[in-house]
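Colleague: I have a structure open and would like to go through it with you. Could you take my questions one at a time?

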Amino acid sequence: MALQLNSSFTGASSACLLHRERSRRLNVPVVTCRQGNNDDRSDAARQQKSPSLLDRRDMLLGLGGLYGLTAGPKVLAKPIMPPDLSKCHDAKAPALDNHCCPPYNPSETISEYGFPATPLRVRRPAHLVKDDQEYLDKYKEAVRRMKNLPADHPWNYYQQANVHCQYCNYAYYQQNTDDVPVQVHFSWIFLPWHRYYLHFYERILGKLIDDDTFTIPFWNWDTKDGMTFPAIFQEASSPLYDTKRDQRHVKDGKIVDLKYAYTENPASDSEIIRENLCFIQKTFKHSLSLAELFMGDPVRAGEKEIQEANGQLEVIHNAVHMWVGEPCGYKENMGDFSTAARDSVFFSHHSNVDRLWEIYRNLRGNRIEFEDNDWLDSTFLFYDENEKLVKMGDCLNPTKLRYTFEQVPLPWLGKINCQKTTETKSKSTTEMSLTRVGEFGTTPKALDASNPLRVTVARPKKNRKKKEKQEKVEVLQINDIKVTTNETARFDVYVAVPYGDLAGPDYGEFVGSFVRLAHRKKGSDGTEEQGPKKKGKLKLGITALLEDIDAEDADKLVVTLVLRTGSVTVGGVSINLLQTDSTAAI
Ligand code: C2O
């Protein structure tokens, strides 16, 4: 099984030496390549490589730095670093029979990641490969072999699934801390970490069947024909099958509900399809001008008290997890992060998430989302297909990782009627029942499913000019969100224009949602524990939305928070202007 490690890469310019200085202080040797301000840093890096550095066995690579020498190492740089693998904590999740720590081998060497020199692998839509018997046979065989590996083999199907549990169920604390967990959700780490996870998973599967063109299909849930549970995972005798799913959804061509909250959407199929496409369209449209709205907020090493904010792509993705997993109990497998990756469809789902990130990048001219060393130097560890612990370099360009996606139509990018044509618009205010709605005030409020929270929120500025809008995006922000149980929580956010101080009966336009999956943890005494819970926040871009609903001249907005499931308190609602990082628009 041992293949030669592919060490075609290392960006080792003098910049790296500087960086190593810093790394030594952090006790983790890190090398990054940092040249140019595009994704092709590694080419330049190859030309500059220094052979002496290639010999180091303990090198780690970051996401790929961008900053120039002049910037120097940031004194306060705090990229998330891989944990100390010898210190895996019991992350027992009630749904797992065993804790999810991997077998630890102290003599395992951590080696550098080399960009593969394999053919470009093309990931295809799951609903379109279902008639490609040859491909399906390979896929099933690869997963079958993965399941048949010894239980403690790092490539074993369940060991691979445990990797996901380790990084979201608090199995590891960040280096030099004893209480700050490594968490790969709810922040700007979410998309890169899952990209790497899939990348290695795909290569391992390919290796098991000796096929370096093998790819994980993507569950193309952003198009009508892909909005049902992919048939290839439904055959009961197949290794791709999983019993722990919501059978009502995965059978019989049910349309996935991207706003799912453990209640069935009573709308017709075509209406749910339209709502899904609109949700995706809005997500892109509202977040193209600022990456954190799409990808999530920064998280830096050692930070404890920050309010996590996931991007809207993660929010959409959460609904798919919930919709696939069992509706009750521990929501296994997909509905709880500790077990999610035990269902093969997880990887197809994430393949699509990864693809949507790539489309987002393309729409923004492939500019780097966060020109911030703490993002670019974030460092992860994975088992590669050679049974080594490896650490990733630049993940921003899938072509460097030698994969791409089959091009398929993007119906959500086209013209769809997404604005509500509210009846209230045509009615005069005397015909409507208007209610008085006040400001949020200063006391936190518990959301109540039967009585949505409605508040008026002042806008910092109205009637902004085009240029101002290009420079700053208007963001609706919900602060101090506390999910008060270990259960899934979701609320949806709507905005409307008030009539003076009064609000119409209609909640107005859907803007986006907050979602936390169930996150359960069993303590050493076997009872369920409340995991460390950070407060969260939700940021939703509304510049384009206000144009769409003709609200540019409103002084304030009525914001409505509709609790869909779970138990949540909210500390405040505000509207702010944030600096954009792109002028891209759709
Ligand atoms: Cu790590 Cu879909 O979640």
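Colleague: How many aromatic pairs are there?
Modeller: The count comes to 36 aromatic pairs. Please keep in mind that this is a predicted model.

Colleague: How are the rings of Y167 and W193 arranged?
Modeller: Their centres are 5.6 Å apart and their planes meet at 50°, so the pair is tilted. In general, a pair of aromatic rings is described by the distance of the centres and the angle of the planes.

Colleague: Which parts does that pair tie together?
Modeller: Y167 is in the loop between α5 (157-166) and α6 (190-208), whereas W193 is in helix α6, so the pair links parts that are 26 residues apart in sequence.

Colleague: Are Y167 and W193 buried or exposed?
Modeller: Both Y167 and W193 are buried. An edge-to-face example is the pair of Y403 and F405, with 5.7 Å from centre to centre and 90° between the planes.

Colleague: And are Y403 and F405 buried or exposed?
Modeller: Y403 has a relative accessible area of 0%, so it is buried. F405 has a relative accessible area of 9% and is buried as well; the cut-off for buried is under 20%.

Colleague: Y157 interests me. Which residues touch V143?
Modeller: Leaving out residues up to four places away in sequence, V143 touches Y157, L205, P239, L240 and S344. V143 itself belongs to helix α4 (residues 133-148). Its relative accessibility is 1%, so V143 counts as buried.

Colleague: How far apart are V143 and N156?
Modeller: They are 13 residues apart in sequence, and the C-alpha to C-alpha distance is 9.4 Å.

Colleague: Changing topic: which residues touch the most other members in the largest nonpolar core?
Modeller: That core has 110 residues, and those with the most contacts to other members are Y139, W193, L205, W221, W375 and F382. Helix α6 supplies the largest share of this core, with 11 residues.

Colleague: What does W221 touch?
Modeller: Beyond residues up to four places away in sequence, the contacts of W221 include G226, M227, V256, L258, I280 and I316. H349 and L356 are also among them.

Colleague: Which residues are in the other core?
Modeller: Another core, of 31 residues, lies apart from the largest one, and its members include V483, F514, L557 and V568.

Colleague: Now to strand β15. How many of its residues are buried?
Modeller: Strand β15 (residues 536-541) is mostly covered, with 6 of its 6 residues buried. On one side are G536, L538 and L540, on the other K537, K539 and G541, and both faces are covered.

Colleague: In which sense do β9 and β15 pair?
Modeller: Strand β9 (residues 472-483) and β15 pair in the antiparallel sense, over 5 bridges. One of the bridge partners in β15 is G541, which pairs with V475.

Colleague: Finally, H321: where is its place?
Modeller: H321 is in helix α10 (residues 312-324). At 0% relative accessibility, H321 counts as buried.

Colleague: What joins the side chains of H321 and H317?
Modeller: A polar contact of 3.0 Å joins these two side chains. Setting aside residues up to four places away in sequence, H321 also touches M334, G335, F337, A340, F346, H349, H350 and L517.

Technical notes:
Residues are numbered from 1 along each chain as its sequence is written. This is a predicted model: local features need pLDDT of at least 70, side-chain atom pairs count only at pLDDT 80 or more; totals for chains, interfaces and linings use all residues. Side-chain values use heavy atoms; hydrogens and water are left out. Helices (H or I, at least four residues) and strands (E, at least two) are DSSP runs, numbered from the N terminus. Buried means under 20% relative accessible area, exposed over 50%, partly exposed in between (1.4 Å probe, protein chains only). Contact means heavy atoms within 4.5 Å. Rings of Phe, Tyr and Trp (its six-membered ring) pair if their centres lie within 6.5 Å; planes under 30 degrees apart count as stacked, over 60 as edge-to-face and the rest as tilted. A nonpolar core is a set of buried Ala, Val, Leu, Ile, Met, Phe, Trp, Tyr and Cys residues joined through side-chain atoms within 4.5 Å. Two strands pair if DSSP finds at least two bridges between them. A polar contact is a pair of N or O atoms within 3.5 Å; within protein, one must be able to donate a hydrogen and the other to accept it, and residues adjacent in sequence count only if both atoms are side-chain atoms.
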